[in-house]
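Welcome, and take a moment to look around before reading on. The report below walks through the fold step by step.

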Amino acid sequence: MSNSHVIVIGSSAGGVTALQQLVADLPSDFKVPIFIVQHVAADVKSYLPEILTQKGPLPACHPKDGQLILPGNIYLAPPDHHILIEGGHILVKQGPKENRFRPSIDALFRSAAYSYGPNVIGVILTGMLDDGSSGMWSVQRMGGTTIVQDPIEAMYPSMPSSVLQYVDVDYLLPLDQISALLIELTNKAMRAEQAGLEDEKQRLKLETSIAAQGNGFENGVLQIGEPSHFSCPDCGGAMVQIKEGSLLRFRCHTGHGFSSGSLLHEVKETTEKKLWQSVRSMEESIMLLNIIANNLAEKGNEEATADFTSKAQTATNSVNALRAYLYEHLMTQTSAEINSEITES
């Protein structure tokens with residue numbers, strides 16, 4: 001277990017602006033290493049290290065796998081790679097995605113909680129959905145300090161609001177007060193390691209190994225939770241459900257992880273896709289029925305023509321009803337999501 005502080009920060013939508021303000025307010029003699037996961041597109045070059053280096057006094061970079069952790073540096077997860085902490089080194093890996101994301105905020109926070117325990121300071125900033133909630137729970141569970149940007153002033157409140165739903169955080173602050181708090185906290189004495197958390201530490205070790213491309217199935221991933229009735233949306237593998245306080249999440253035997261919210265989102269998307277496939281199949285059957293009817297009409301077979309025309313009309317009525325349901329369902333779902341965002345704001 002390391003005997004120095006480490007800061008881990010998670011942000012998503014609106015995060016680039018928030019991170020610039022946060023690092024700009026840090027002093028040049030700040031000695032604690034900072035690790036950041038900012039959700040970015042997997043196939044686009046990220047210029048965030050250059051942006052943060054220019055904006056603040058501390059150097060920022062995309063680290064290399066196995067790189068030594070140095071004080072006073074900012075380490076950012078490269079696109080499409082998890083960034084993890086293992087003792088005094090940095091791991092940069094393309095392990096299984098969590099909530100369909102890579103890099104994952106949760107994966108970084110769990111690795112820090114395992115390696116640094118009570119000396120971790122976790123920060124969640126603006127963002128959508130709920131990445132970071134599980135990781136922040138682990139930080140607090142292992143005795144670390146938890147800080148959340150006030151959702152009222154966050155550009156996108158969903159991510160900090162999700163953390164507040166599941167974690168009794170130590171500090172809830174506007175963005176412009178977080179840097180000063182980090183300076184204050186890192187000048188305090190280290191917290192004592194909590195006892196009686198061996199099972200929790202072993203789970204964190206396993207899940208960090210999975211994110212680092214470890215063989216979760218061989219190492220017993222199916223034993224860290226209760227069997228679930230759901231299959232993985234990414235690979236179709238069997239999943240276990242894991243409870244962290246009131247938070248429920250899922251992990252499959254190949255390593256993919258989902259919060260309950262992200263799993264519900266994936267189930268809805270799969271259902272919608274299959275319904276549109278049904279619309280396509282029904283319309284193809286209608287086209288075929290009409291072709292057959294026209295062919296029979298050319299041959300003068302009026303009775304058979306009428307029969308196939310009737311079947312085509314019945315199928316048309318059915319597909320129109322299904323299409324109407326889909327449009328109504330999608331509009332209702334979109335309106336509910338908009339109202340939720342407005343309520344949270």
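How many bridges join strand 2 to strand 4? Three bridges link strand 2 (residues 34-38) with strand 4 (residues 74-76), and these strands run parallel. Within strand 4, L76 is the residue opposite I36.

A word on the model itself: it is predicted, so local features need pLDDT of at least 70 and side-chain atom pairs count only at pLDDT 80 or more, while totals for chains, interfaces and linings use all residues. Residues are numbered from 1 along each chain as its sequence is written, and side-chain values use heavy atoms, leaving out hydrogens and water.

**The whole chain**

The chain holds nine helices and 13 strands (DSSP runs numbered from the N terminus: helices are H or I with at least four residues, strands E with at least two). Along the principal axes, its C-alpha atoms fill a box of roughly 95 × 40 × 35 Å. Of the 345 residues, 48% are buried (under 20% relative accessible area; exposed is over 50%, partly exposed in between, with a 1.4 Å probe and protein chains only).

**Two open sheets**

Here are the two sheets, with strands counted as paired if DSSP finds at least two bridges between them.

| Strands in sheet | Order | Pairing |
|---|---|---|
| seven strands | 3-4-2-1-7-8-9 | parallel |
| four strands | 10-11-12-13 | antiparallel |

Helix 6 (residues 178-186) lies across strand 1 (6-11), strand 7, strand 8 (145-149) and strand 9, and runs at about 170 degrees to strand 8 (angles run from 0 to 180 degrees between N-to-C directions, with axes fitted to C-alpha atoms, for helices over the stretch in contact; contact means heavy atoms within 4.5 Å).

Now to the sheet of four strands, with its order 10-11-12-13. Strand 10 (226-231) and strand 13 (257-259) each have a single partner strand, so one side of each is left without a neighbour in the sheet. From one strand to the next, the twist averages 35 degrees. Strand 10 and strand 11 (residues 238-244) pair in the antiparallel sense over three bridges, and E226 has Q241 in strand 11 as its bridge partner. Helix 8 (residues 260-298) packs on this sheet and touches strand 10, strand 12 (247-252) and strand 13, its direction making about 100 degrees with that of strand 13.

**One last stop**

M128 sits in the loop between strand 7 (120-124) and helix 4 (133-141). With a relative accessible area of 38%, M128 is partly exposed.
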